[in-house]
Amino acid sequence: MISSAPRVAGLRLAGLLCLSVVLASANAWLNPHRPAWNLDVLAEGEIALTDAMAVGDTALWIDARPETQYRAGRIGGALPLNEDDWNGQIQRVLEQWRPGRRVIVYCSSQQCQASHDVARRLREEMGMEEVYTLKGGWEAWLAHQK
Amino acid sequence: MAGASKVAVAWAWVLGALFIYAGALKFWRPDLLLADIESYHLLPYRLAYLWSYFLPALEIVGGVALYHHAWRKVAAGLLLALCVIFILALLSAWARGLDISCGCFGGAETKANYPVLIGRDLLLAAGLGWILRGRVQAP
């Protein structure tokens, strides 16, 4: 008699995968933190490079990359602020900021998370309202300069 | 033997809770998970997008299934395969010198300590392998 155990295991595996697809679909439909399917669309709190450049020096630029990368090259006038040395760097940022001044935070690329984390902390902990993350980050800036 | 079986069941429940917890953290913030997945530079954007929804669901469903004896081994096999994928992804990122956020437990980890993360996944994989090969009985 041939055991049906592998068949049962296969059916159960298919069941788990199907259930996961259903749960994932429900999440994709209902979750308010849905990322953009189309990369050309700005995510919440993002600013496009062209818009950021139009704002120019009137905005306060924040470089959220590690200190070594900041020293190697940065957008002119940008101040360093990353989570590794938050307490040491935040004072200089607060000195340059005034209510109503836009803040644009960038990190190395579209994929990095640091600019989002720093922007969130500036909003939540420092009470800054107009804080944006630069879409594409430093990579997009460099590409535009070429 | 009954004592060993009870330990194995308890261990399956611990792992189940761990995967449900890890999956739930990611489930609420697919945007953060997508950024973490993107930082590995392994998948095109839209595949990473789909994975950012599918992975948490898989962890939750697999974690819950570890609680039921009839589904335990299948779930262990599925989660073990996930752990192998995680380990390979971490090794790949480490080899390329990427500064990534692991994404293992939502946004809780900001920087990857590769040996620790790989070691943790190896332990999880070993635990799941034990369930998979062992004779874990009801409940």
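This briefing goes through a chain-to-chain interface, a helix pair in chain B and a sheet in chain A.

The model is predicted, so keep the cut-offs in mind: local features need pLDDT of at least 70, side-chain atom pairs count only at pLDDT 80 or more, and totals for chains, interfaces and linings use all residues. Residues are numbered from 1 along each chain as its sequence is written, while chains are lettered from A and ligands numbered from 1 in the order in which they are written.

**Where A meets B**

- On the chain A side, 21 residues are in contact with 26 residues of chain B (contact: C-beta atoms, placed from the backbone, within 7 Å).
- Helix H1 (residues 5–30) of chain A gives the most to that side, with 10 residues (helices are DSSP runs of H or I with at least four residues, strands runs of E with at least two, numbered from the N terminus).
- By class, the chain A side has 11 nonpolar, seven polar and three charged residues (Ala, Val, Leu, Ile, Met, Phe, Trp, Tyr, Cys and Pro count as nonpolar, Asp, Glu, Lys and Arg as charged, the others, Gly among them, as polar).

**H1(A) against H3(B)**

- H1(A) packs on helix H3 (residues 45–65) of chain B at about 130 degrees, axes 8 Å apart (axes are lines fitted to C-alpha atoms, for helices over the stretch in contact; angles run from 0 to 180 degrees between N-to-C directions).
- That makes H1(A) and H3(B) oblique to each other (under 35 degrees is roughly parallel, over 145 roughly antiparallel, 65 to 115 roughly perpendicular, the rest oblique).

**H3(B) against H4(B)**

- H3(B) also crosses helix H4 (residues 69–95) of chain B, at roughly 145 degrees with the axes within 8 Å.
- This crossing is left-handed.
- H3(B) brings Leu58(B), Gly62(B) and Ala65(B), and H4(B) brings residues including Trp71(B) and Leu82(B).

- Ile62(A) stands opposite Leu79(A) in E3(A).

Key: Contact = placed C-beta atoms within 7 Å. Pairing = 2+ DSSP bridges. Left-handed = near helix turned anticlockwise from the far one by under 90°.
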